[in-house]
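Trainee: I would like to learn how to read a protein structure step by step. Could we go through one together, taking the general idea of each feature before the case itself?

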Amino acid sequence: MDLSDWSYEDKGRIKLDGEWEFYWNRLLTPADFQSAESELPPDRIYMKVPSTWNGTDYQGSPLPAYGSATYRAVLRNVPEAGIYAIKKTNIRFSSEIYVNGQRLLEDGATASKQVDYKPGNVPKFGLFAAGQGEIEIIVQVSNYDYINGGIPLSIYFGEQTAMVAYEEKTLMREFSILAILGTLALIYLICFFAAFIFHRRDYSLLAFAFICMLFAIYHGLIGERPLLQFLPDLSFQVLYKWKDIISTACFIILAVIFYQLQKSIASLKLTQAITAVLGCFILLIAILPIHTYTTIQVYVVMIYEFMLIWMLVKVAGLYIRSDPRERLKSLLWYVAILTINLYSLDIILQAVSWKEDLWLGQFYIVFFNLIMIGLIVLRFFEAYHTINAMKNQLVQLDKIKDDFLSDTSHELKTPLNAIVSITDTLLKGAEGPMNEGQARNLAIVMGSGRRLTLLVNELLDYSKLKHGDIVLYRSSIDLAAAVDSVIRIHSFLLAGKTIALVNSVDATMASVYADGNRLQQILHNLIGNAIKFTNQGYVEISAVVSGNQVEVRVRDSGIGIAEHMQSKIFEAFEQASDQIPSPEAGTGLGLSITKKLVELHGGTIRVESVPDHGSVFSFTLPLAVTKTARNQLEAAAARPEAGIRHPEYPLYVEGEIDETILVVDDDFANLQSMINLLKLEGYSFVVVNRGEMALQEISKRDFFLVLLDISMPDMTGYEVLQRIRERFSIFELPVLMLTAKNRVSEMKVSMENGANDFVGKPFEAEELMARVRSLTRLKASMINAKDAEMAFLRSQIKPHFLYNALNAIAELCVDEPERAEQLTLHLSQYLRSSFDFKHLDSLTTLDSELKLVEAYVHIEQARFGDRLQVVYEVKANTMILIPPLILQPLVENAIRHGLMSNLAGGKVVITITEVNGTVRFQVEDDGCGMSEHKLEETLRADGERRGVGLWNIDRRIKLIYGQRIEISSQEGAGTKVAFQIPAKLRRQIGEMRHA
C-alpha cells in the first residue's frame, strides 16, 4: 500500500484493506522475509483482507476452515516519522502481529498443530514508533475452532492520537449501552418489588429485569468486549461459551415472556418446543468444545429466527384484527417484536462478519426495552381502569345488599312477632293449663324467637347506621333493673351450660341517661357474646361511677380473645371465628353495632382479654341528672358571672421546692387539677392561661419546666413551643406537652418541634408527676452544667494586660517612682474588682464595672500616653446589676486590637443608655477595623490564636439572657461592639425571686 498521498491530520485512521501476501499452512516470522524477494516461499498467493480463507482456491483445491497461515503487507512511502498504532478487531481464531520485525500484538497462541494451539479473539490495540519509508506488517493466524478462519474484519492503521481518541469513543459507547441496560433492569426490578409490596406478584417484571441484565452482559462480551476490562484473567474459551449461553438464554426468556404477556402471539406448544431446543443447545455449549457445537449453531439460529418471524407475522395479524381500542397496544407489540427481529438480524450479520459495528443492534435492544416499559405502563393504567370499574360495581352491589337486608328484615319481623306473641299467650294459659315440660319448651321457643327478633333488628340497625338514620330517645334509665331484665332472658338460653349470670350493679346507683331500647340491645349483644364463648364459669356485669359517666363492665371466664384479634373485634364481620369452639361463627354484626350505639350515646367501648382467662368488655354511658340540676347547670353556663370566680393570671405560688414550673392551659378545671398536684408535691409554680402571657413570664424569670397545653385561644402550644426553642434548647428549658386528643400525629409534631415529653388528657396524677419530676431533674442537671461552663468561661479571660502593666510599673520605678506607685494602686483596685466574686452566678453593679474599666484604662494610659483617649457617655442608673467582667474585656479589645495596632493610636467611646427597662452597652473605636473574614472569626472559641474575649462575652450573654452581641467593623474605619440586657436593680431581683 502506497501512503505517499495519505495525511493523518486529515484522515486520522485508515483500513488496511486490499490484497495481502498469503502463505498457507506456514507461520512465518520477520526473519523469514529478510532474504531477497526471489528467495521468498514459492507457495505465496494474494488473499483479500477482510475475508475468510476457507473455500479459497489454493493450488487447485479449496482451503479448509481449520489450519494456519501467514499474512504480509508492506506500507510504502510513510510520509512522516512518529508514533503509529494498529488495531485488530476480529481475527479467527488466534493471531500474532509483527511490525517492522518486532512482535506488537498476540491473541491466543498460533500453532501449526491443534494440540499446540490456543484460541483467542479479543480486539487489541498496539502502538509502535516508525520513521519515514516502509512499514512491514506480518500477521500469523491459526484456527481450529470456528467454522471459518482468516481476517474477516478490517485491520486499522493510523497516527497515535487519532487511534486513541477513536478507541476511547468506542469504549465509551459500549459502556453507555451497559449503563442503559443496567438502569432499565433496575427499573424493572423496582417495579416488581413495588407490585410485590401491594400483594401482586408480576413475575414478567422480574423476567424483564433478568433479560436486561443478560443483554447487558452479552454486549459486554462482544464488540470491544468492555467487560474484559474487569475480568482480565478470564480465558477466551470461557468467555466465548458464556457469550453463546447468554445469547441463547435471552431468546428462551423472550419466548416465555411473549407467551405470558400475549398468548395469542405464541402458543404453549411452540413456546415449549423452542424452550426445549434452546435449552438443549445451552447444555451442549457447556459440555462440548467450541469447534464441536459451532457446527450445529447455524441450525439453532435458524430455529429461533423462525420463532421471531412467526411471532412478527402473528402480531401483524393481531393488529389488523384488533378492536380500535386495542390498536395502540397491538401496535406496540408489533414494534417490539419487529425491533427484536432487527436486533437478532444485526447480531447475526456481525457474527458472520458481514458488518463491523454494533451501534445499530445496541440501539434496537434499548428501543425494545423502552417499548416494553411502555406496554407495562399501559398495563398499569388498564389495571387502574379495571379496579375503578370494579369499585363502582362493588359500591352498587353493596347498595343492593343493604336493600336486600332491609327488605328481608322487614319481611321476617311479622312472622317472628307472631311466633313470640302466640307462644307468650300459650304460656299464660290461653289454651288451658300445660305441664312443666311443655311450658319449658315453649319458653325456649319464645326466647329463641326474641333472639331472632333482635337479630333482625340488628340487620335493620346495620343498614340505618351506615346511612345515619338512627335516632336516640333518651331518658333516665335504672341500670341495675335493665341488666336484671336482660339476664333473665339469657337465663333461658344457656343450653345446659353451667354458667352463673351475676348482676353486680349497685341498685342504689344513679340512673344513666340513655335510650332504653338501645341500652338493652347493647347489653344483649355483650352478654350474649360472653355466654357464647364461655362453656362454664360466670358472666358478671358490674358498674362504677367515674366523674359524670358510668363505666359498665361485662366480665366472663371464657376462652378469651387472641391479642391480634382484639383490635378487630368491633369490626363488622370480623369476629374471632378462629377462637369459637363451635363451627358457627355468628353474624359478625352484634359487636360492631354495639360499638356504634355506645358512641352515639357519647361513650366509649373497649375490650381487655387474656387467652384462656376470659375477657372484659367495658363501655361508658353518661349519668342522668334531675331536671332541677340540669336547669341549674344550663343557667350557670348561660351566666358565667354567677359561677365560680376564676383567679387572675398570672398566678404565683411559692413552694418548698425552689424549682419553679410554668403551667400554661386555658381550661380552668385542668389548671386547678395541676395546681393541686403541684401544691401537694411542694413545687413553686406560675400559672397562666394564654400563650403570649407564658412567653412574657419566660422572659422575666428562670423556669425548670413548662407544662404546655396544645389548644389555646390566642396562640397554639406549637407556636409557643417554637418561640421557646428559639432561645432555649431542650436541656435548658424542658417542655411537657398536654393535649386532650392524645393522637400519634400530635405527639409526632410536638416531638419534632422540640418537646421533651407528651401527656394526654385526662391524665393520671401519678403519671404526670413522675414525668414532671424526671424533667425537673433534667433541668437541674443542666443548671449544674451551665454553672460549670460559666466558671470555665470566666477562667478563660486571660490577664494578658497584667503582664504588660507589671512591665510598665517596673520601668517607672526608677525614673518616676510616684507615678509607679499610682499605677500600682490602680492595678490593685483592678485585681480586687476582677476577683471579688462569691458565687458563680453573682452579679455586680454597673458602677463597679465602670470603676474596673477606669482602673484598666489608667494602666493602659500609663503605657501608651496621649495615643490613647477614652470617652465615657453613661446615661443609665449605675446601680443596675450586670454580670461581672462583661464591659472591661470589650474596652480591652478595642484598645489592644483596635487602637494600638496604629502608631497614632485613637479614641474609644463607651456609651451606656437605659431605655424602657433595657440597658444598651456600646464600645466603639476608630482604630484599624477588621475585614469580613476576620469579623467572622471573632466569635470562634480558638483561644490559642486569637484570644477568647468577644466569644466569651457572647457566650455568657447567650447563657444568661438569651441575647447575642452585635459587631460591625470596616477596615481603616474602626469597630463597634454592642449588646443589650434587661435593666434590673437588686431590689427588683429579690422581689422577683420571692414572688
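**Reading the chain as a whole**

Mentor: Of the 995 residues in the protein chain, 46% are buried, where buried means under 20% relative accessible area, exposed means over 50%, and partly exposed lies in between, with a 1.4 Å probe and protein chains only. This is a predicted model, in which local features need pLDDT of at least 70 and side-chain atom pairs count only at pLDDT 80 or more, while totals for chains, interfaces and linings use all residues. Residues are numbered from 1 along each chain as its sequence is written, and side-chain values use heavy atoms, with hydrogens and water left out.

Trainee: How many helices and strands are there in the protein chain?

Mentor: Helices (H or I, at least four residues) and strands (E, at least two) are DSSP runs, numbered from the N terminus. By that reading the protein chain has 27 helices and 34 strands. A contact means heavy atoms within 4.5 Å, and among the contacts in the chain with a separation of 6 or more, 73% are between residues 24 or more positions apart.

Trainee: How do I read the packing of two helices, and at what angle do the axes of H4 and H5 cross?

Mentor: Axes are lines fitted to C-alpha atoms, for helices over the stretch in contact, and the angles run from 0 to 180 degrees between N-to-C directions. Angles under 35 degrees count as roughly parallel, over 145 as roughly antiparallel, 65 to 115 as roughly perpendicular, and the rest as oblique. Here the axes of helix H4 (residues 236-261) and helix H5 (residues 268-287) cross at roughly 170° and come within 9 Å, which makes H4 roughly antiparallel to H5. A crossing is left-handed if the near helix is turned anticlockwise from the far one by less than a right angle, and right-handed if clockwise; that of H4 and H5 is left-handed. The residues that make this contact include Ile245, Phe251 and Ile252 of H4 and Leu278, Phe281 and Ile282 of H5. Sorted by kind, the residues of the contact of H4 with H5 are 15 nonpolar, four polar and two charged, where Ala, Val, Leu, Ile, Met, Phe, Trp, Tyr, Cys and Pro count as nonpolar, Asp, Glu, Lys and Arg as charged, and the others, Gly among them, as polar.

Trainee: Is H22 roughly parallel or roughly antiparallel to H23?

Mentor: The axes of helix H22 (residues 846-864) and H23 cross at roughly 25° and come within 9 Å, and that makes H22 roughly parallel to H23. H22 passes H23 in a right-handed crossing. In this contact, Glu849, Leu852, Val853, Tyr856, Val857 and Glu860 of H22 meet Gln888, Val891, Glu892, Ile895 and Arg896 of H23, and these residues divide into six nonpolar, one polar and four charged.

Trainee: How can I check the length of a helix, and how many of the residues of H23 are buried?

Mentor: The expected span of a helix is 1.5 Å times one less than its number of residues. Helix H23 (residues 888-899) has 12 residues and reaches 15 Å from its first C-alpha to its last, close to the 16 Å expected. H23 is mostly covered, with 10 of its 12 residues buried, including Leu890, Val891 and Ile895. For helix H11 (residues 516-532), the 17 residues should span 24 Å, and the end C-alpha atoms are 24 Å apart, which agrees. Since 13 of the 17 residues of H11 are buried, H11 is largely enclosed by the rest of the structure.

Trainee: Which phi does Asp612 have, and is Asp612 buried or exposed?

Mentor: Asp612 has a positive phi of about 70° although it is not a glycine. Asp612 belongs to the loop between strand S20 (605-609) and strand S21 (615-622), and it counts as exposed because its relative accessibility is 65%.
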